[in-house]
Amino acid sequence: MAREQRVRFRAAASAPVPAANGPVEVRLGRTSRDGVAPSMFVWLERGVALRPEVAREIRGRVTFRWAEEIAPLTVHFAAGTIDVFDGDLRKPDLVVGGRLPDVVHMATAPLLLGIPNPASRHGLAAILGLYRGRVTLEGDRTMARRLIQLLAL
């Protein structure tokens, strides 16, 4: 006869709510052989270190879908944490599409008021990349602007 075990469960303490000015943790989730999640993880860690106030403002999910044979990348912004992983979502809040170099150039362009600066050659090239469809942004435009601010070099 199998012996019956009684297990007592205690109510788990609720997760602490991060302070409005507390640290933001960037976590690397699953990766794939043909993905770029580790690179984005490092890039986001740097952005959070330089601009934690911008990182704390972003909420939602961003999926990057590449024109090349690279696995889609998803970044989930929650209160106090940012999760980065290789994988796709059906309904993210923002979808960024295009070739990897075009997305990188757009995100690293000098900014003016949170968007690429058209007075700079690099900024103008980023704006033209959007205009010509080399980089596409579908979804929450405010999130896109904050993401560009967070990733800015």
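Strand E5 (94-98), helix H3 (100-107) and helix H5 (141-151) each put at least two residues into the lining of the largest cavity, with helices (H or I, at least four residues) and strands (E, at least two) taken as DSSP runs numbered from the N terminus. The model is a predicted one, in which local features need pLDDT of at least 70 and side-chain atom pairs count only at pLDDT 80 or more, while totals for chains, interfaces and linings use all residues. Residues are numbered from 1 along each chain as its sequence is written, and side-chain values use heavy atoms, with hydrogens and water left out.

A cavity here is a set of points, on a 1 Å grid over the protein atoms alone, where a 1.4 Å probe fits but cannot get out; a pocket is an open set with protein on both sides within 12 Å along at least five of seven lines, and lining residues have an atom within 4 Å of a point. Grid points are joined across faces, edges and corners, and volume is the space filled by probe spheres set on them. The whole-structure search turns up one cavity of 30 Å³ or more, and the largest cavity comes out at about 60 Å³. H5 gives the largest share of its lining, four residues. By class, that lining has eleven nonpolar residues and no polar or charged ones (nonpolar: Ala, Val, Leu, Ile, Met, Phe, Trp, Tyr, Cys and Pro; charged: Asp, Glu, Lys and Arg; polar: the others, Gly among them).

Phe64 is one of the residues lining the cavity. Phe64 also shows up, with Met40 and Leu44 among others, in the group that touches the most other members of the 36-residue largest nonpolar core, a set of buried Ala, Val, Leu, Ile, Met, Phe, Trp, Tyr and Cys residues joined through side-chain atoms within 4.5 Å. Met40 and Leu44 are among the buried residues of H1 (buried means under 20% relative accessible area, exposed over 50%, partly exposed in between; 1.4 Å probe, protein chains only).

Arginine 46 sits in helix H1 too, but counts as partly exposed because its relative accessibility is 37%. Leaving aside neighbours within four places in sequence, arginine 46 is in contact (heavy atoms within 4.5 Å) with Ala152 and Leu153.

As for the largest pocket, its volume is about 160 Å³. H4 gives the most to the pocket lining, five residues, and the lining as a whole splits into five nonpolar, three polar and three charged residues.
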